[in-house]
Amino acid sequence: MRRYGKHTDEDDIRSRPNRRGNRPRTNIRPKHEDAAEGMVLTVDRGRLTCLVDGRTVLAMKARELGRKAAVVGDQVALVGDLSGKKDTLARIVRIEERTSVLRRTADDDDPYERVVVANADQLAIVTALADPEPRPRLIDRCLVAALDGGLEPLLVMTKSDLAPPDKLLELYGALDIPYVVTSREELETGDAADRVREFLDGRVTAFVGHSGVGKTTLVNALVPDDRRRITGHVNAVTGRGRHTTTSALALPLAGGAGWVVDTPGVRSFGLAHVDPSRVIHAFPDLEPGTEGCPRACSHDEPDCALDAWVADGHADPARLYSLRRLLATRERTEGD
């Protein structure tokens, strides 16, 4: 082994050649200070459609970002060909800090977390009043994910011509969640879209709901210039709808007054990413009752103070049942 003294000559030191070229290796990454700002509109098999200076640009993620992935709603920095012309491809070199994130997992025991949309202000939870029947447990899960991710919830009830909204309104009345009730006829006339739009102006709103509830139909009415041409039908046997949206898509409201993000229909909404201790925050009608709970209370044990809280009439017993069922699914797989 060759040893060098204090006064070695540079010619005596051998360097390993770079097999990939003549450029020396370096860990210094370019800052891309001249990169253009853009917003991710949709993601499809590694290609991202972004809005840059009023035009859509197809881009890919830069290798230097590693495993960090951009999602719909992300504010990003792009370099390369930003013309938006056919067969051109830009490069996303930076993903800006997110103000909110809507996450979900496939199931409660699934460790893989999926980011649905970033930087949304509001989550519109769309549920049909009939055909298919409403699923309050799924609504509760969406509420938990929204509040945990920094989004304000909005409840949108469709198909009021088939069933009244009274039961759901009674169940969620204590939560003071803004809501809109629509019918199929109102969707056709545009009256429903006008009323929903009042809650959307100036905001980025993600729409979520299981298949067949009319979510994409409502989005079509809100954004007629970018309509989803294909709508699904509810399966008469299972009561579930076919998936008509396969990837999240951000669409601008008329006049640039806001954004609508249409997301794929969901059959489950896993909360593996949510700490169980934070689930109670999605139930503000129950949360004050936890002050009398023992330390580290699971809210499903004999000494839980929520039983007395509900018995005294401070909250609906159905809400406590929903909370406990939701907490139980964090520990074992259970259908909604």
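Which strand does Met-60 lie in?

Author: Met-60 sits in strand E3, which covers residues 55–61 (strands are DSSP runs of at least two residues and helices, H or I, of at least four, numbered from the N terminus). Before going on: this is a predicted model, with local features needing pLDDT of at least 70 and side-chain atom pairs pLDDT 80 or more, while totals for chains, interfaces and linings use all residues. Residues are numbered from 1 along each chain as its sequence is written, and side-chain values use heavy atoms, without hydrogens or water.

Met-60 is partly exposed, at 30% relative accessible area (buried is under 20%, exposed over 50%, partly exposed in between, with a 1.4 Å probe and protein chains only). Together with Leu-58 and Leu-89, Met-60 makes a nonpolar surface patch of about 210 Å² (patch residues have over 30% relative accessible area and no salt bridge; nonpolar side chains join within 5 Å, like charges within 9 Å; areas are Shrake-Rupley, 1.4 Å probe).

Now for the charges. The structure holds 15 salt bridges (a Lys or Arg side-chain nitrogen within 4 Å of an Asp or Glu carboxyl oxygen). One of them joins Arg-184 to Asp-161, at 3.0 Å from N to O. Arg-184 is in helix H3 (184–189) and Asp-161 in the loop between strand E9 (152–158) and helix H2 (166–172), so this pair ties together parts 23 residues apart in sequence. Both ends are partly exposed: Arg-184 has a relative accessible area of 40%, and Asp-161 has 42%.

Asp-285 and Arg-319 form another salt bridge, at 3.6 Å from N to O. Asp-285 is in the loop between helix H6 (276–279) and helix H7 (306–311), and Arg-319 is 34 residues away in helix H8 (317–329). Here both Asp-285 and Arg-319 are buried.

Asp-300 is in the loop between H6 and H7, so the pair ties together parts 24 residues apart in sequence. Elsewhere, salt bridges with shared partners join Asp-140, Asp-285 and Arg-319 into one network.

Finally, the rings. Arg-104 lies over the face of Phe-269, 5.7 Å from the ring centre (that takes Lys NZ or Arg CZ within 6 Å of the centre and within 35 degrees of the ring normal).
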